[in-house]
Amino acid sequence: MEETLAHCAVRSSFDMKASLILAFTHSSRTAQILAKHKPRCPILVVTPNSWVANTTLLHRGTFSMIVGSLVSSSTLLQKVIHEANQRQLRGHFDAIQVKP
């Protein structure tokens, strides 16, 4: 199931010409599977775990961001998009593919 979702997320990023894929995760498995499909755009892995953040850097095209919690909220997504802009991972009006 994870493999199919990752494949669809990467495929969608190609179709949308997305400049960034966001992956919210508690493990590095999500980043590993997404990177395996070799998207054109970078993958920003958002995690509350510093070990996972460091591990994801081993995978192609991944960057990590540590947050306090992955509890779903609009402020979390705004914070992540702001961080992506600060790191210049995307343009202000570019499409983003979010993988849950």
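1. Let's start with Thr25: this residue is buried, because its relative accessible area is 5% and buried means under 20%. Keep in mind as you read that this is a predicted model.

2. Where does Thr25 sit in the chain? Look at the loop that links strand 1 (20-24) with helix 2 (29-36), and you will find Thr25 there.

3. Leaving aside residues up to four places away in sequence, Thr25 touches Thr30, Val45, Val46, Thr47, Pro48 and Leu70. How many bridges join strand 2 to strand 3? There are five, and the two strands, residues 43-47 and residues 62-66, run parallel. To get from strand 2 to strand 3, the chain passes through helix 3 (residues 50-56), and this β-α-β crossover is right-handed.

4. Next, please look at helix 1 (residues 2-16), which packs with helix 2 at an angle of about 55°, the axes being 9 Å apart. Helix 1 is therefore oblique to helix 2. As for handedness, the crossing of helix 1 and helix 2 is right-handed.

5. Which residues meet where these two helices pack? From helix 1 come Glu2, Glu3, Ala6, Ala9 and Val10, and they meet Arg29, Ile33, Leu34 and Lys36 in helix 2.

Definitions and conventions
Residues are numbered from 1 along each chain as its sequence is written. This is a predicted model: local features need pLDDT of at least 70, side-chain atom pairs count only at pLDDT 80 or more; totals for chains, interfaces and linings use all residues. Side-chain values use heavy atoms; hydrogens and water are left out. Helices (H or I, at least four residues) and strands (E, at least two) are DSSP runs, numbered from the N terminus. Buried means under 20% relative accessible area, exposed over 50%, partly exposed in between (1.4 Å probe, protein chains only). Contact means heavy atoms within 4.5 Å. Two strands pair if DSSP finds at least two bridges between them. A crossover is right-handed if, with the strands pointing away from the viewer, the path from the first strand over the helix to the second runs clockwise. Axes are lines fitted to C-alpha atoms, for helices over the stretch in contact, and angles run from 0 to 180 degrees between N-to-C directions. Angles under 35 degrees count as roughly parallel, over 145 as roughly antiparallel, 65 to 115 as roughly perpendicular and the rest as oblique. A crossing is left-handed if the near helix is turned anticlockwise from the far one by less than a right angle, and right-handed if clockwise.
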